[in-house]
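I opened a new notebook page for this model. These entries record what I looked up.

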Amino acid sequence: MKIAMIGAGYVGLVSGACFSDFGHDVVCVDKDQDKIDALLAGRMPIYEPGLEALVATNVEAGRLSFTTDLKTAIADAGAVFIAVGTPSRRGDGHADLSYVHAAAREVGQSLTKDCVVVTKSTVPVGTGDEVERILAEFERPTRVAVVSNPEFLREGAAIGDFKRPDRIVIGSEDEWANDVMREVYRPLFLNASPMLFTSRRSAELIKYAANAFLATKITFINEMADLCERVGADVQDVSRGIGLDNRIGAKFLHAGPGYGGSCFPKDTLALLKTAQDYESPVRIVEAVVQVNDQRKRAMGRKVIHALGGDARGKKIALLGLTFKPNTDDMRDAPSLAIVQALADAGATLTAFDPEGMASAAGMMPDVLMARSAYEAADGADAVVIVTEWDAFRALDLRKLGSAMAGDALVDLRNIYDTNEVERAGLQHVCIGRAGTLVRQP
Ligand SMILES: NC(=O)c1ccc[n+]([C@@H]2O[C@H](COP(=O)([O-])OP(=O)(O)OC[C@H]3O[C@@H](n4cnc5c(N)ncnc54)[C@H](O)[C@@H]3O)[C@@H](O)[C@H]2O)c1
């Protein structure tokens, strides 16, 4: 099968590399010349474990190539995937579909043979209808079907997720298109990854419903964590106690600084805008969005409390800036709001992140980037663990403490045991545990 992947970003590049690894012949197209030049030179535009080797193997085998020339890329393709960005639209929070529509128009202009056009981008209900309408503007003797195939990979574990998905969702009412999609995913079908065939609108909604549900689960446990702090309970035990119930499940029940990243914030917002447009509001998701927005800045206040209520002139070191470990993605990372809150309070900030500092530097110009966790902690009144990179799970706490000027270790991911931290002479301020309300001014 010849596949064209439009958009060589996180999803397009990982999907394209994995499809080529299945044996398909894949061309990834991107408008960004620098990105394509980097890929042609063997450099990855993103940090994702295993991606560089996967790309190199398949390029060498002649199954994976990169170009900015969409017309040639789709000339022979039996399936064209649209994997361009769908960020929040400035001003109103709806998904910005301009990239999807532009890609559809370019595909429409260039198609010369029968082809299935697959939307892999996360798009609101009804976008497939619009893509179909755009493609129909171009007269041609060939057969075209539009399919929704939302992507569920997680950054940091993207290749494993793509190759061993919990499910593959295909939204189409066209049997020919469904057969093409079966062929595209045949290697996974053989691995018994469940394929769910449904209507295009259902497939589009499944993606938003899944992300909104996961965001709700995170926000629910975050609010439980706050309650734990007030009532003298431990959120880790509450999480475990509810997560062992199979109807609830243990995943996404880790209390923390609030969800961020390239998907949950924009997708929850887009879902509630769609729901409002259809006069069927999703009030739970509205509450989730509001609670999560406030939480990130509240984490800044938590750090300030740990410093006795005044951060002016204090030095604070942040460990981890990316929205989660194993990625360099800074989109909507909680660290951005935390940095802002601490800077507003007059603190001086240093930070260390294993992979994210290059992209973070432009977004937080006043934060001094260090070369290690210990260098960041040098002279700090408080060290804040913002992202739970493995590199921060086994810090030499005594060494950290002796580099610091103060003694507050604010652990926003609950990765340390309080006894261990206290044995190293530090105060442990964590999430959702009694006694972590800390020193009042
Ligand atoms: N990042 C994730 O973890 C993830 C997971 C599941 C779904 N998604 C969804 O997948 C979509 C893509 O997300 P992403 O994170 O890969 O975005 P991204 O910003 O990393 O990549 C998008 C790419 O598309 C390119 N592009 C835009 N218009 C183009 C055009 N007309 N022709 C060729 N290239 C074009 C851009 O230059 C960019 O490189 C979004 O809808 C997102 O919601 C993302």
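**Asp328.** I listed the contacts of Asp328 (heavy atoms within 4.5 Å). Leaving out residues up to four places away in sequence, Asp328 touches Ile46, Tyr47, Thr322, Glu355, Gly356 and Ser359. I then placed Asp328 in the chain: it sits in the loop between β9 (315-319) and α14 (334-344). Helices (H or I, at least four residues) and strands (E, at least two) are DSSP runs, numbered from the N terminus.

I noted the basis of these entries: this is a predicted model, where local features need pLDDT of at least 70, side-chain atom pairs count only at pLDDT 80 or more, and totals for chains, interfaces and linings use all residues. Residues are numbered from 1 along each chain as its sequence is written, and side-chain values use heavy atoms, with hydrogens and water left out.

Which side chain of opposite charge is nearest to Asp328? I found Arg331, 7.9 Å away. Asp328 is buried yet has no salt bridge. Buried means under 20% relative accessible area, exposed over 50%, partly exposed in between (1.4 Å probe, protein chains only). A salt bridge is a side-chain nitrogen of Lys or Arg within 4 Å of a carboxyl oxygen of Asp or Glu. For charge, Lys and Arg count as positive and Asp and Glu as negative; His and the chain ends are not counted. I did find that the side chain of Asp328 reaches the backbone nitrogen of Tyr47 at 3.3 Å.

**Salt bridges.** I looked up the total: 26 salt bridges. One of them pairs Arg200 with Asp129, with 2.8 Å between the closest N and O atoms. This pair links distant parts of the chain, 71 residues apart: Arg200 is in helix α10 (residues 200-231) and Asp129 in helix α6 (residues 127-136). Arg200 is buried at 9% relative accessible area, while Asp129 is partly exposed at 31%.

I checked Arg433 next. It forms a salt bridge with Asp234, the closest N and O atoms being 3.6 Å apart. Here the two partners are 199 residues apart, with Arg433 in the segment after β14 (427-430) and Asp234 in the loop between α10 and α11 (235-243). Arg433 is buried, with a relative accessible area of 13%; Asp234 is partly exposed, with 25%. I also noted a network: salt bridges that share partners join Asp129, Glu132, Arg200 and Arg201.

**Nonpolar cores.** Nonpolar side chains tend to be buried together in soluble globular proteins. I looked for nonpolar cores (sets of buried Ala, Val, Leu, Ile, Met, Phe, Trp, Tyr and Cys residues joined through side-chain atoms within 4.5 Å). The largest has 59 residues, and Ile316, Leu318, Leu319, Leu342, Val383 and Leu409 touch the most other members. Apart from this core lies another, of 40 residues, including Val147, Leu153, Ile159 and Phe162. I followed Leu318 beyond its neighbours within four places in sequence, and its contacts are Val339, Leu342, Thr350, Ala351, Phe352, Val384 and Val386.

**Ligand.** How many residues surround the ligand? I found 26, and the closest are Val11, Asp30, Lys35, Thr86 and Lys266. A residue counts here if one of its heavy atoms lies within 4 Å of the molecule. A side-chain N or O atom of Asp30 is 2.6 Å from an oxygen atom of the ligand. A backbone N or O atom of Thr122 lies 2.9 Å from a ligand oxygen. Glu106 places a polar side-chain atom 3.2 Å from a ligand nitrogen.

Methods:
A polar contact is a pair of N or O atoms within 3.5 Å; within protein, one must be able to donate a hydrogen and the other to accept it, and residues adjacent in sequence count only if both atoms are side-chain atoms.
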